[in-house]
Amino acid sequence: MLIEIDFNSEEALYVQLQNQIILGIAMDLIREGDALPSVRQLADTVGINMHTVNKAYTILKQEGFIRLDRRRGAVIALDTDKAQALMKMREHLRIVLAKGCCKSITREEVHALVDDIFDEYRKE
């Protein structure tokens, strides 16, 4: 999986890293049980500080996307607590939809956008 960081983005580097790993899982580019590069390897490859990678991995662990294994390092391990995931998604969507309403984006446009994006991810 290729990680690309936009150093000119206003989004924090660790958030960009987290998001790219989550997108990689959703798009089936990395799967349950796959090992991620070590903190040092990823920091060197991407050109960022090891603490930044460590912060991204820590948050991914807290959010149930990876587990940290002493021998294998960071490994994709999805926590399948769907109820909790839906609750968090609702919180995030509430703000995104509020922003859209402020810009006069319609319900139909939102639904079409969600369908388009959802189709990008793995099919069940």
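I will begin with the basis of the model, then turn to the overall layout, the helix packing and the strands.

This is a predicted model, in which local features need pLDDT of at least 70 and side-chain atom pairs count only at pLDDT 80 or more, while totals for chains, interfaces and linings use all residues. Residues are numbered from 1 along each chain as its sequence is written, and side-chain values use heavy atoms, with hydrogens and water left out.

The protein contains five helices and two strands; these are DSSP runs, helices being H or I of at least four residues and strands E of at least two, numbered from the N terminus. Along the sequence, the order is α-α-α-β-β-α-α. Taken along the principal axes, the C-alpha atoms fill a box of roughly 50 × 35 × 20 Å. Of the 124 residues, 22% count as buried, that is, under 20% relative accessible area with a 1.4 Å probe, protein chains only. Among contacts (heavy atoms within 4.5 Å) with a separation of 6 or more, 50% come from residues 24 or more positions apart.

Now to the helices. Two packed helices are described by the angle between their axes and the distance between the axes. Axes here are lines fitted to C-alpha atoms, for helices over the stretch in contact, with angles from 0 to 180 degrees between N-to-C directions.

Helix α1, residues 13–26, and α3 have axes that come within 8 Å and cross at roughly 50°. The two are therefore oblique to each other, since angles under 35 degrees count as roughly parallel, over 145 as roughly antiparallel, 65 to 115 as roughly perpendicular, and the rest as oblique. On the α1 side, L13, Y14, L17, Q18, I21 and I22 meet T52, V53, K55, A56, Y57, I59 and L60 of α3.

How do α2 and α3 cross? The axes of α2 (residues 39–46) and α3 (residues 50–62) come within 8 Å, at roughly 120°, and these helices are therefore oblique as well. In this pair, V39, R40, L42 and A43 of α2 meet M50, V53, N54 and Y57 of α3.

Finally, the strands. Strand β1, residues 66–69, runs antiparallel to β2, residues 73–76, and four bridges join them; strands pair if DSSP finds at least two bridges between them. I66 has I76 as its bridge partner in β2.

Note on methods
Buried means under 20% relative accessible area, exposed over 50%, partly exposed in between (1.4 Å probe, protein chains only).
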